[in-house]
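Please read it alongside the coordinates.

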Amino acid sequence: MLDSPISGSPVTVVAGNASVMVGGDCGGVRARQAGHARHRPKVTHIGANGMACQMKIAVNLLLMVEVIAFGEAIALAEKGGVAREVAVDAVLKSVAASPVLGYRGPFISKARCRMCRSPT
């Protein structure tokens, strides 16, 4: 038995840029790599059974911290007078850009308050 969570959005999976973290016996990992080959993911053996799931939780924490910080940075720029769309564009062209920010950036650009429908 192997645990093999995937890190990546549907877009990254289709593009072949997802990563698969695998926990379990190394021999089983090599056998499973052939099964994952059609999606061309990056496969990393993490360790014993369960460790890949632990790593997936750690990666998800990092992603959420990054997305939250992105939102806070855009809010800070907006409070200083920078238009939201301009701030998002600037971040996505900076050294702070990452695949997850590229994926989430358009959602932040278009976010509206649910109560009043004004930009949040």
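Predicted model: local features only at pLDDT ≥ 70, side-chain atom pairs only at ≥ 80, totals over all residues.

In the chain, arginine 84 lies in helix α4, which covers residues 84-92.

What does the side chain of arginine 84 meet in a salt bridge? The partner is the side chain of glutamate 78, with an N to O distance of 3.2 Å. The two side chains are also joined by a polar contact of 3.2 Å. Glutamate 78 counts as partly exposed because its relative accessibility is 28%, whereas arginine 84, at 5%, counts as buried.

## The second salt bridge

The count of salt bridges comes to two. Side chains of opposite charge can pair when their charged atoms come close. Besides the pair formed by arginine 84 and glutamate 78, a salt bridge links the side chains of aspartate 89 and lysine 93, where the N to O distance is 3.0 Å.

Are the members of this pair buried or exposed? Aspartate 89 has a relative accessible area of 37% and is therefore partly exposed, while lysine 93, with a relative accessible area of 65%, is exposed.

## The largest nonpolar core

Nine residues make up the largest nonpolar core, namely Val67, Phe70, Ile74, Ala87, Val88, Val91, Val100, Leu101 and Ile108. Two or more residues of this core come from each of the helices α3 (51-79), α4 and α5 (99-109).

When residues up to four places away in sequence are not counted, phenylalanine 70 touches Val88, Val91, Leu92, Leu101, Gly105 and Ile108.

Which residues make the nonpolar surface patch of about 300 Å²? The patch is made by Val11, Tyr103 and Phe107.

Valine 11 has its place in helix α1, which spans residues 10-14. With a relative accessibility of 51%, valine 11 counts as exposed, because the class begins at values over 50%.

Notes:
Residues numbered from 1 in each chain as written. Heavy atoms only, no water. Patch = residues over 30% accessible without salt bridge, like charges linked within 9 Å, V, L, I, M, F, W, Y side chains within 5 Å. Areas by Shrake-Rupley, 256 points an atom, 1.4 Å probe, with all protein chains shown as cover. Salt bridge = Lys/Arg side-chain N within 4 Å of Asp/Glu carboxyl O. Helix = DSSP H or I, 4+ residues; strand = E, 2+ residues; numbered from the N terminus. Buried < 20%, exposed > 50% of the residue type's maximum accessible area, 1.4 Å probe, protein only. Polar contact = N/O pair within 3.5 Å; in protein donor to acceptor, adjacent residues only side chain to side chain. Core = buried A, V, L, I, M, F, W, Y, C linked by side-chain atoms within 4.5 Å. Contact = heavy atoms within 4.5 Å.
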